[in-house]
Amino acid sequence: MAKVLVIGGAGYVGSSVTAFLMDQGHDPWVLDDLSTGFRSFVLSSKWSHFQVGDQDQLRKLLSEQKFDCVMHFAARSLVGESVHKRDEYFENNVYQTERLLETLIESGHPGHRRFIFSSTCAIYGTAANGEALGPPLGPIDESFAKKPINPYGESKLAAERLLERFAHENGLQAIALRYFNAAGADPKLRTGEWHHPETHLLPRVMKAALEGTPIEIYGTDYPSDDGTCVRDYIHVWDLARAHEAAMKRLIQMGQSGGRFEAYNLGSQNGFSVREVIEGSFLVTGKTTSIIEKPRRAGDAPVLIADSRLAQKQLGFQIHHSLEEIIQDAFRWEEKKKTIPRRAVFLDRDGTLNEDPGYLNSPDLLKLFPGVAESLGKLKEAGFLLVVTSNQSGVGRGLIDVETLPVIHERLNAMLRPACGVIDHFELCIHHPNSDCECRKPKPKLILDAAKELDVDVTRSYMVGDKITDVDAGRAAHCKGTLMVRTGEGKGAEHLLRPGQADFVGDSLSEVVDWILARENEGH
Ligand SMILES: [Zn+2]
């Protein structure tokens, strides 16, 4: 039995490995900031909620708990998103990892030098498949040229180089596991894939087939038999088994010096996007139409693993076929519909932050006191956080729609240290006189976001500083609608009809405490 620190254990692969480790009698401790993971995916009763790069909190944890091994899954991992958010990907995937490694080494405990890193085939990029470098469909072994074609792959490669450096200079014993396409779900369905937006093929196919909506495929002119991308799919349970094997290998090595090893994990079989879709139609007995779209930024044409090194050194084997992957993904997709998720819908201006000036200059954005910490508490209690905001400045021509993501990244950067990041932004960008359906006080923003995130509105709350927020929450049938006396709320309270809001508080902290108290009472 090993005591394992599972960093990023509330994400898809991290939670699956946690489930596997528990089944094998190990003792996992989850660390997650819930920026992309979910509270409900934290399967171990032992867990911590902070950012991996938060050295003060990590030092405290490592002085209280001694682990036999550390597994690091926490990362931003969407190829397409990484193209637009390069800095964020490097901050999360590289600099946070560097601070983590420093803190682990500094703690001095031998088990904290055993490190298993969740890496990816994206570090190879198309160079391995390109015309210049040999046969386009050949499996990739660990010696292939590392020429990532997207910032996600670059950031993972940079993190691997960090591991090598720490191995040489600080005695780190590191194994990087380079996954090909992780798919499928925990066979007991305790956890599975649940991203939003979902960019991964299998969950998208499942959702489309179940809902009867068309499935979009990106790129039909790739150098493969049917023109679609070819990928090597590996069941997340096979990945989990490989993590345990890697851990045992490090433990068996004892207190030898620093080392860095890397292994490709895949099935050594490639399947095209069309083949996976057809396989899914067969397994699920459901079909839907296919819409062909242009190539997506950052996608490599063909990625197939040569996993012979992992077979030799880790005893790695594939136990689950593509058919089983599809079956488990399908069972999980059906299970998801039975899992009620809660959210707190939040107005932005006047509720989270002060209003003036920042739309033209995002650096001026200023949170009200206590907001980040309060949102962190909601996350810890299992709520998703959704900003629903009238942004009529766009419709009035006052700001560009491109500015909004910049503001929201800035907002999340301020919320992140306290783990209060917003999961989703739902905006009405229309002119106030446009008579659109989405402007508050109409409930459409809330209902659309709830559908997008699989949230049950009747278990969720709406919080804002304006009467329109309260009315939108009521009209959407939220469990509670609350008002803060910040922003316009200072002057608007007298306009509330009796009982229109369930609670009015001086600050977001007060309102959040009211929600948490009500939930704790079991209402
Ligand atoms: Zn609108």
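Modeller: Let's start with pairing: two strands pair if DSSP finds at least two bridges between them. Helices (H or I, at least four residues) and strands (E, at least two) are themselves DSSP runs, numbered from the N terminus. Here, E12, E9 and E14 form an open sheet of three strands in the order E12-E9-E14, and the pairing is mixed. Its edge strands are E12 (271–272) and E14 (302–303), each pairing on one side only.

Biologist: Before we go on, what sort of model is this?

Modeller: It's a predicted model: local features need pLDDT of at least 70, side-chain atom pairs count only at pLDDT 80 or more, and totals for chains, interfaces and linings use all residues. Residues are numbered from 1 along each chain as its sequence is written.

Biologist: What is the strand order in the open sheet of seven strands?

Modeller: Read across it and you get E3-E2-E1-E4-E5-E6-E11, with parallel pairing. E3 and E11 (259–265) are at the edges with a single partner strand each, so one side of each has no neighbour in the sheet. At the E11 end, seven bridges link E11 in parallel to strand E6 (residues 173–179).

Biologist: How do I tell whether a residue is buried or exposed?

Modeller: Count C-beta atoms, placed from the backbone: with 20 or more others within 10 Å of its own a residue is buried, with 12 or fewer it is exposed, and in between it is partly exposed. In E2 (residues 27–31), four of the five residues are buried, so the strand is largely enclosed by the rest of the structure.

Biologist: Which class does Pro498 fall in, then?

Modeller: Pro498 has 5 C-beta neighbours inside 10 Å, so it counts as exposed. You'll find Pro498 in the loop between helix H16 (489–492) and strand E20 (503–505). Its C-alpha atom is separated by 60 Å from that of Leu162, 336 residues apart along the chain.
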